[in-house]
Amino acid sequence: MQGGIDMKEENAYKYIDVYLEDCSLRKRLSQKTIRAYKIDLEQYFNFIGEKKDDLKMINEYIHFLNKKYSKYKTVKRKIASIKAFYSYLEYEEIIAFSPFCKIRTKIKESKMLPRVIQKEDLNQIFTMLFDNLDNADTEYKKKLALRNITIIELLFSTGIRISELCNIHTNDISFQDRSLKIFGKGSKERILYLGNDQVIEFLKKYIALNETISNESGYIFLNKFNTQLSEQSVRILLKNIENELKLSKHITPHMFRHTFATTLLEKEVDIRYIQNILGHSSISTTQIYTHVTYLKQKQINIEKNPMNDYKDKNI
């Protein structure tokens, strides 16, 4: 066999599970990533069917992806998933060489500036959350209100991802050191310092009130069934807040991360420190926030420029 997997000779599907198991055990990738890989690989092999996965077929598939998906990152990830699978097959000597080694893809990435939450909206959100806590007339409502405040405060004060938040365990927090251990993308570990006293106090109160949280390995944030809170539940929480306050802008969990990073830049924090706090492997990922602060600078220099006071004078 010269190149990829000839579907008439080999059944590629039997290798997918083996490959994904290797990704899980050896590379220690998250189950969310594993599921995405599985979807990408099955989609590709469903597309080519019984045909030979040669350069012509691969290029047809890339054209199919570009037509089907508008987001650059989606197409890029799907191609990368298949490339990685073939590299594994080549390394394990299941195939002679990967047909993707001759494929050169360059997809133009659209510049999508991160969306941030305005201060006015943040004030409304926090006011509503604290009102819910003050007006809680049952133990369950108090626990729920306290949980929701702690979630929003953690997202906003640390810039962690929603997946990182939902996976926090009690033993990831050290109140003595004021530290929070986070396992980010690719199971990369980083330690964050909890610098705000209010965040610390609400975390303590929520854990103390929630007796079902295990002191050893339990998840911090739980749902009404006392099991791990899902990412979707956090999104629903924000959607409910958005609807109740009638906010003009849709609020997502990631916008708290964007707002956190942008605020630090506006406060002249070095971008390398922000990269470390956010857990970005590349500085180029963090640099997108500099575009946001540039737009803010542009707005200030237009609206607040000192020369505006003299625009009607002949000087």
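Reader: Among the elements of the chain, which has the lowest mean pLDDT and which the highest?

Author: This is a predicted model, in which local features need pLDDT of at least 70 and side-chain atom pairs count only at pLDDT 80 or more, while totals for chains, interfaces and linings use all residues. Residues are numbered from 1 along each chain as its sequence is written, and side-chain values use heavy atoms, with hydrogens and water left out. The score itself, pLDDT, is the predictor's confidence in each residue, from 0 to 100, and helices (H or I, at least four residues) and strands (E, at least two) are DSSP runs numbered from the N terminus. The lowest mean, 68, belongs to helix 13 (residues 288-303), and the highest, 95, to helix 9 (residues 231-245).

Reader: What is the mean pLDDT of the chain?

Author: Where pLDDT is low, the predicted coordinates should not be read in detail. In this chain 83% of the residues reach 70 or more, and the mean pLDDT is 83.

Reader: What share of the residues in the chain is buried?

Author: The secondary structure of the chain comes to 13 helices and three strands. Taking buried as under 20% relative accessible area, exposed as over 50% and partly exposed as in between (1.4 Å probe, protein chains only), the buried share of the 315 residues is 41%.

Reader: At what angle do helix 2 and helix 4 pack?

Author: Two packed helices are described by the angle between their axes and the distance between the axes. Here the axes are lines fitted to C-alpha atoms, for helices over the stretch in contact, and angles run from 0 to 180 degrees between N-to-C directions. For helix 2 (residues 31-48) and helix 4 (residues 72-91) the axes lie 9 Å apart, and the angle is about 85°.

Reader: How is helix 2 oriented to helix 4, roughly parallel or roughly perpendicular?

Author: Angles under 35 degrees count as roughly parallel, over 145 as roughly antiparallel, 65 to 115 as roughly perpendicular and the rest as oblique. Because the two helices pack at about 85°, helix 2 is, relative to helix 4, roughly perpendicular.

Reader: Of the residues in the largest nonpolar core, which touch the most other members?

Author: A nonpolar core is a set of buried Ala, Val, Leu, Ile, Met, Phe, Trp, Tyr and Cys residues joined through side-chain atoms within 4.5 Å. Among the 43 residues of the largest core, the members that touch the most others are Leu154 and Leu165.

Reader: Which helix gives the largest share of this core?

Author: At least two residues each come from helix 5 (119-134), helix 6 (139-158), helix 7 (162-166), strand 2 (179-183), helix 8 (197-209), helix 9 and helix 10 (253-266). The largest share, seven residues, comes from helix 6.

Reader: Where does Leu180 lie?

Author: At 1% relative accessibility, Leu180 counts as buried. With contact meaning heavy atoms within 4.5 Å, and leaving aside neighbours within four places in sequence, the residues that Leu180 contacts include Leu154, Ile168, Ile191 and Leu194. The element in which Leu180 lies is strand 2.

Reader: How far apart in space are Ile191 and Leu180, C-alpha to C-alpha?

Author: Ile191 has its place in strand 3 (residues 189-193). Beyond its neighbours within four places in sequence, Ile191 is in contact with Ser179, Leu180 and Lys181. Although Ile191 and Leu180 are eleven residues apart in sequence, their C-alpha separation is 5.7 Å.

Reader: What is phi of Glu268 near?

Author: Most residues other than glycine have a negative phi, and most peptide bonds are trans. Glu268 is placed in the loop between helix 10 and helix 11 (271-278), and it counts as exposed at 73% relative accessibility. Its phi is positive, near 65°.

Reader: Where is Arg178 found?

Author: Arg178, a residue other than glycine, has a positive phi near 55°. Arg178 is found in the loop between strand 1 (173-174) and strand 2.
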